[in-house]
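I opened this entry to record what I looked up about the ligand site and the aromatic rings.

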Amino acid sequence: MLIKRTGDLKTSEITPEHLYLNRRDFIRGASAAGIGLASSLVFPDPARSDDRWPRGKRGPYDTDEEANTFKDITTYNNFYEFGVDKSDPAANSAGFQPKPWTVRIEGDVKKPATYNLEDFIKPYKLEDRIYRMRCVEGWSMVIPWRGFPLSDLLKKVEPTSRAKFVTFETVYRPGQMPGQKQRFLEWPYVEGLRMDEALNPLTLLAVGLYGKDLPNQNGAPLRLVTPWKYGFKGIKSIVKINFTDKEPRTTWNISAPGEYGFYSNVNPGVDHPRWSQKSERRIGEFFKRKTLMFNGYADQVASMYAGMDMRKNF
Ligand SMILES: Nc1nc2c(c(=O)[nH]1)N[C@H]1C(S)=C(S)[C@@H](COP(=O)(O)O)O[C@H]1N2
Ligand SMILES: [Mo]
């Protein structure tokens, strides 16, 4: 028989897929730690695998950090409507139907309306933006979102001068969302932003990631993305957007008011009552890294909070 030289073999031809992935995670951790492995002598460089979103800034809001894999982003999730474990949303959301979908715009707004999702999205130019995301639990990811600035929607629907806040509501569908049959949280999940936060150019309504439609576990078909805030502000599977003059209730604040405030800005200087926020673990890496003020977006957002006490307004 012919004997292939190792250099001609792809690692995936020699190793079963699950071992291959585990080894890649291991090597990724090792290289993040600066531990040099002479791996190229044994098998091809796994970092060259093509399952990553191409690295590099393509717009002013992009991070140049390496994206997490599609697999990381779609199997390690928080979406309590499908269960409280990180693996539950991927495991329990296959029966969720994001089509057809209806979004209502209401409250202090000149053009209230009910749209189907296609019509809702049609006026806007979709962009791919690669953002750092930081969960309050102390882990982070880099995610290439596809969406449009929330400010584009606001220009179109025209909030009135009374409107000081925007609120968002997740769909309530216990038949398709098994977690909603239990009282993990008060349902439906609700969130909100101050008007200037909603107008900030970083704030996106996302309809996709990795260039594809949002997977159910990531909040199909429409979710909020505010990368300078803890992950829980990024409400998923939105059916209602409301404009109001009062600071809105938000799900995690209802559930534990001493632990989660309205603002929820990423802040290494304000610890969660039960744990530090000074560092975080990037999913796929081994060692922790320092958490940055506003998750590294201070240049774009700090001015919105000038003069506010960030300890009181956590
Ligand atoms: N409706 C709803 N939205 C939600 C959540 C949730 O449980 N329900 N979890 C939040 C939390 S805590 C985080 S960290 C992010 C996670 O988003 P991802 O799974 O797409 O990374 O979604 C947020 N949006
Ligand atoms: Mo989170």
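I took a pocket to be an open set of points on a 1 Å grid over the protein atoms alone, where a 1.4 Å probe fits, with protein on both sides within 12 Å along at least five of seven lines. The space taken by ligand 1 is the largest pocket.

I noted that the model is predicted, with local features needing pLDDT of at least 70 and side-chain atom pairs pLDDT 80 or more, while totals for chains, interfaces and linings use all residues. Residues are numbered from 1 along each chain, ligands are numbered from 1 in the order written, and side-chain values use heavy atoms without hydrogens or water.

I looked up the shell of ligand 1 (a heavy atom within 4 Å). The shell has 15 residues, and N77, Y80, E81, G234 and K236 are the closest.

I then checked polar contacts (N or O pairs within 3.5 Å). A ligand 1 nitrogen lies 2.7 Å from a side-chain N or O atom of E81, and a ligand 1 oxygen lies 2.8 Å from a polar backbone atom of Y80. Of the 540 Å² that ligand 1 exposes when taken alone, the protein buries 96% (Shrake-Rupley, 1.4 Å probe).

I turned to aromatic pairs (ring centres within 6.5 Å; edge-to-face if the planes are over 60 degrees apart). The structure holds 20. F96 and W101 form an edge-to-face pair, at 5.9 Å and 65°.

Key: A polar contact is a pair of N or O atoms within 3.5 Å; within protein, one must be able to donate a hydrogen and the other to accept it, and residues adjacent in sequence count only if both atoms are side-chain atoms. On a 1 Å grid over the protein atoms alone, a cavity is a set of points where a 1.4 Å probe fits but cannot get out, and a pocket is an open set with protein on both sides within 12 Å along at least five of seven lines; lining residues have an atom within 4 Å of a point. A molecule sits in a cavity or pocket if more than half of its atoms lie within 2 Å of its grid points. Rings of Phe, Tyr and Trp (its six-membered ring) pair if their centres lie within 6.5 Å; planes under 30 degrees apart count as stacked, over 60 as edge-to-face and the rest as tilted.
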